[in-house]
Number of protein chains: 2
Amino acid sequence: MHLVAIGGSDAGISAALRARELDPSVDVTVVVADAYPNFSICGIPYYFSREVQPWQSLAHRTHADLEATGMALRLDTFATDIDVAGQRLTVRAQDGSTSDIAYDELVVGTGALPSHAGIGGLEQLGPEDGVHVIHSMGDTFALDRFLEERDPKTAIIVGAGYVGLEMAEAFTVRGLKVTQIQRGPEVLSTLDPELGGLVHTELSQHGVEVLTDTTVSSVERTGAGLAVHGTHLGEPVTRNADVVLVVVGVRPNTELLERAGARRGAGKAVVVDEAMHTGLPHIYAAGDGVTTHHRLLGLTYLPLGTTAHKQGRVAGENALGGSVRFAGSVGTQVVKVFDLVASRTGLREHEAIAAGYSPATTAAVADDHKRYYPGALPITIRITGDTTDGKLLGAQLVGRLGTETAKRVDTYATALFAGLTVEQVSDLDLSYTPPLGSPWDAVQVATQAWSRTNSGTVTPA
Amino acid sequence: MHLVAIGGSDAGISAALRARELDPSVDVTVVVADAYPNFSICGIPYYFSREVQPWQSLAHRTHADLEATGMALRLDTFATDIDVAGQRLTVRAQDGSTSDIAYDELVVGTGALPSHAGIGGLEQLGPEDGVHVIHSMGDTFALDRFLEERDPKTAIIVGAGYVGLEMAEAFTVRGLKVTQIQRGPEVLSTLDPELGGLVHTELSQHGVEVLTDTTVSSVERTGAGLAVHGTHLGEPVTRNADVVLVVVGVRPNTELLERAGARRGAGKAVVVDEAMHTGLPHIYAAGDGVTTHHRLLGLTYLPLGTTAHKQGRVAGENALGGSVRFAGSVGTQVVKVFDLVASRTGLREHEAIAAGYSPATTAAVADDHKRYYPGALPITIRITGDTTDGKLLGAQLVGRLGTETAKRVDTYATALFAGLTVEQVSDLDLSYTPPLGSPWDAVQVATQAWSRTNSGTVTPA
């Protein structure tokens with residue numbers, strides 16, 4: 001039995017690890033396009049902030065750790081073609097030579113690629129010009145080299161999602177003056193603007209210039225460095241900087257599987273079932289390149305590292321004849337921006353409406369612990385629930401670092417997984433001690449506020 | 001409609017608040033034995049550590065806040081008798097005079113009383129002698145006065161439960177040399193000794209002398225102060241100190257309701273149904289004086305502030321004709337001891353066996369966040385699951401302050417409430433960002449460890 005996994009990031013490595021864990025007699029080969037298997041891409045901003053040094057620390061496991069599990073790694077090896085019927089994978093080595101790898105079962109974890117969002121000039125400009133993306137260790141080294149060699153003083157970050165915000169912090173910590181440009185009306189558009197606004201304030205207070213409602217049309221080299229052109233509410237706007245980082249999202253990297261005959265679905269990602277099977281014989285796929293089963297939405301596209309780990313694990317087990325299912329995402333996400341923690345799980349109101357729910361959203365502010373104990377800080381929470389059956393649909397939280405906001409969102413995530421109502425969250429037996437909570441935890445102050453506003457409309461099942 | 005609530009602590013006040021919230025036309029009177037309604041008894045240790053000053057800060061709500069809700073407070077008023085048929089309550093004022101209060105509905109929240117655990121001498125010795133309990137604001141003032149006037153240098157704390165541990169910290173912070181005496185083999189006996197041992201080490205590292213396996217038989221006054229006598233594994237042991245604090249648990253205060261004809265059940269507490277009804281017409285009861293519906297155990301006695309708040313709220317709503325049910329406890333508890341946070345939810349192995357489950361317990365240690373990001377610290381977690389059906393039965397966690405341990409236990413508490421299996425906890429979509437978590441959260445590293453050890457025995461439903 002020979003299991004081949006393509007991709008050295010979360011999905012591919014998780015599949016390989018799971019297979020070796022379940023059956024040490026199985027031969028496992030992981031084909032990795034670069035020399036950096038099992039690196040934590042989510043950690044890259046902390047390398048640039050210099051909180052994580054050296055870059056080797058970003059590896060979840062070292063090369064030696066991985067080989068000690070018994071898997072074989074084919075580094076700097078690019079998978080170019082799958083012969084589905086013949087169960088053979090064609091790969092190209094760094095020297096351009098190609099070879100075939102026979103497999104019994106294949107797990108594809110080719111991930112996603114950075115999007116350019118149609119911004120002009122990006123095809124022509126690259127790291128040498130000061131225009132960067134950060135999606136791989138190669139990108140990381142290129143940006144690192146640029147920062148060391150050119151010593152830029154100013155940066156423009158196009159995009160204000162998770163990575164964009166983390167990089168705004170990292171550049172600021174390194175002393176660069178940062179301008180962050182966001183197309184939508186508020187930063188961190190995965191949260192309601194009321195909460196994105198809190199993140200915006202945090203950025204401003206740390207000296208980041210934030211331009212919202214601003215669409216970038218092009219980037220060009222000028223004598224002085226780089227110019228970013230766009231429009232702000234119809235008016236032209238230009239900003240200049242020494243370095244430009246484009247972090248406007250990703251698109252699934254599906255080329256290999258498409259050529260092999262796989263179908264694409266939500267977000268143009270490869271369609272897989274809950275067993276992570278592609279429908280092609282002996283081919284599983286997982287991670288940022290495939291559709292995601294969402295417990296509230298059905299099939300969607302939501303590329304997240306946590307999901308890739310879980311899907312990869314499922315794929316690895318099923319490739320060995322297992323019958324496990326990916327239990328589904330509820331869209332839980334969290335980001336630290338300077339001293340603020342912003343998180344969400346489940347659906348926001350417009351997402352819930354689009355999915356056929358009847359949502360209402362209520363805001364509350366509650367202290368992280370009893371106010372009489374020193375250091376209490378407010379957490380702002382927005383609860384979305386279904387006004388028909390009272391089910392919890394989603395929660396968004398913003399609190400300062402140290403308020404346990406990141407793990408409070410997990411209470412809602414667990415409630416969503418279990419299909420609890422908003423009222424049931426208020427009924428949960430959550431922990432309390434004055435330095436760390438309240439008799440009604442902040443989580444429940446928020447659900448009680450929702451119930452006060454909406455309970456009249458709910459017909460309990 | 002006149003609702004009378006007896007008790008100025010969590011249960012009574014919660015009932016009164018809920019009634020006024022639901023129907024501002026209802027007359028609500030709260031009969032309070034002392035002058036301190038709605039004080040946070042859980043906060044008293046932080047008054048002694050001087051983190052909370054002045055004592056008035058310990059009020060959840062001020063007297064004025066409470067009256068602003070429209071409830072009437074009868075302070076320094078002791079409820080002596082209930083005329084069930086006549087729907088009248090007899091009360092005694094501070095001057096010894098008695099009077100009657102007519103009620104339509106009654107909620108009794110008389111709470112619990114400190115236990116003496118059969119220790120000799122405690123009936124004769126009191127605050128003036130340096131022997132203290134801390135169960136009320138009166139106790140608090142007495143101890144405060146003793147500390148101010150006598151300036152004790154040494155303290156013995158009999159008991160090493162939540163309050164005992166918090167007071168060991170408070171006394172130490174104030175400069176007293178503390179000896180903590182625990183009957184059982186390890187401190188914090190509500191956790192497995194492996195985890196209690198971590199708390200023990202934390203106490204020792206802060207200079208607290210800890211005597212375990214030591215049963216206190218008597219306390220006596222000596223020329224030099226106080227002597228505590230007991231036995232340690234059969235050998236006599238004596239310790240001397242200037243002040244002795246006895247915190248060995250509580251017993252339900254059921255006298256009033258018993259005389260009115262209420263039944264006693266688990267823990268000799270008054271039996272109530274899930275509507276918080278006592279079975280006596282128009283009489284509800286809630287809080288530390290009544291039995292608790294536990295979602296894994298059925299009816300038990302488990303006095304906790306969080307439960308009292310919830311039960312009081314249910315009682316207040318049902319007294320007004322509502323039909324809500326107390327959803328039940330899962331026994332979630334947390335305590336901060338110096339820089340350590342210890343928590344539990346659900347059942348430990350011996351409790352699960354006694355309740356008819358087939359438990360197994362597995363230990364794991366996992367970092368609170370990605371190790372490459374500065375400040376990662378281990379959390380020690382013990383998972384108890386049922387080997388028959390794979391259901392999660394309980395979790396215990398010990399981590400340092402700042403590891404979000406208090407809110408990580410809430411994920412397990414939510415899973416227990418929802419009846420999830422251990423495997424389903426591993427499937428949860430929990431939040432991740434490198435400074436605050438891991439792709440598999442510590443919560444899931446622990447459940448995966450349980451599954452690796454026990455999955456062979458589980459027959460999924």
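Which strands of chain B does H10(B) lie across? In this predicted model, H10(B) lies across E21, E22, strand E24 (378-386) and strand E25 (392-400) of chain B. The helix runs at about 175° to E25(B).

In chain B, 5 strands form an open sheet in the order E21-E22-E25-E24-E23, and the pairing is antiparallel. Its edges are E21 and strand E23 (359-367) of chain B, each of which pairs on one side only. From one strand to the next, the twist averages 10°. At one end of the order, E21(B) and strand E22 (residues 340-346) of chain B pair in the antiparallel sense over 5 bridges. Within this pairing, Gln333(B) stands opposite Arg344(B) in E22(B). Helix H5 (residues 162-173) of chain B also lies across E21 and E22 of chain B, and its direction is at about 20° to E21(B).

Strand E10 (residues 154-158) and strand E11 (residues 177-181) of chain B run parallel and are joined by 5 bridges. Here Val158(B) stands opposite Ile181(B) in E11(B).

A hairpin in chain B is also worth a look. Strand E14 (residues 226-232) and strand E15 (residues 235-241) of chain B run antiparallel, with 7 bridges joining them. Among the facing residues, His229(B) stands opposite Thr238(B) in E15(B). The hairpin formed by E14(B) and E15(B) has 2 residues between the strands, and Leu233(B) in the turn has a positive phi of about 50°.

Attention now turns to the interface between the chains. In total, 62 residues of chain B are in contact with 62 residues of chain A. The size of an interface is often given as the accessible area lost when the parts come together. Chain B and chain A bury about 5500 Å² between them, with 62% of it on carbon and sulfur atoms. On the side of chain B, Tyr372(B), Lys407(B) and Asp429(B) lose the most area to chain A, together 15% of what that side buries.

Lys407(B) takes part in a salt bridge, its side chain meeting that of Asp441(A) at 2.7 Å, N to O. Residue pairs in polar contact across the interface number 28. The elements giving two or more residues to the side of chain B that touches chain A are helix H8 (305-319), strand E21 (333-337), helix H10 (405-418), helix H11 (422-427) and helix H12 (442-454) of chain B. H10(B) gives the most to this side, with 12 residues. By residue class, the side of chain B that touches chain A divides into 28 nonpolar, 19 polar and 15 charged.

Salt bridges over all chains come to 48. One of them joins the side chains of Glu255(A) and Arg259(A), at 3.0 Å, N to O. Both residues lie in helix H7 (residues 255-259) of chain A, where Glu255(A) and Arg259(A) are 4 residues apart, about one turn of the helix.

Finally, some backbone details deserve mention. Most residues other than glycine have a negative phi, and most peptide bonds are trans. In chain A, however, the peptide bond from Gln53(A) to Pro54(A) is cis, with omega near -10°. Pro54(A) is placed in the loop between helix H2 (44-48) and helix H3 (63-68) of chain A. In chain B, the bond from Gln53(B) to Pro54(B) is cis, with omega near -10°, and Pro54(B) lies in the loop between helix H2 (44-48) and helix H3 (63-68) of chain B. Asp151(A), a residue other than glycine, has a positive phi, near 45°. The loop that holds Asp151(A) runs between helix H4 (137-150) and strand E10 (154-158) of chain A.

Definitions and conventions:
Residues are numbered from 1 along each chain as its sequence is written. Chains are lettered from A and ligands numbered from 1 in the order in which they are written. This is a predicted model: local features need pLDDT of at least 70, side-chain atom pairs count only at pLDDT 80 or more; totals for chains, interfaces and linings use all residues. Side-chain values use heavy atoms; hydrogens and water are left out. Contact means heavy atoms within 4.5 Å. Buried area is the accessible area (1.4 Å probe) that two parts lose on being put together, summed over both. A salt bridge is a side-chain nitrogen of Lys or Arg within 4 Å of a carboxyl oxygen of Asp or Glu. A polar contact is a pair of N or O atoms within 3.5 Å; within protein, one must be able to donate a hydrogen and the other to accept it, and residues adjacent in sequence count only if both atoms are side-chain atoms. Ala, Val, Leu, Ile, Met, Phe, Trp, Tyr, Cys and Pro count as nonpolar, Asp, Glu, Lys and Arg as charged, and the others, Gly among them, as polar. Two strands pair if DSSP finds at least two bridges between them. Axes are lines fitted to C-alpha atoms, for helices over the stretch in contact, and angles run from 0 to 180 degrees between N-to-C directions.
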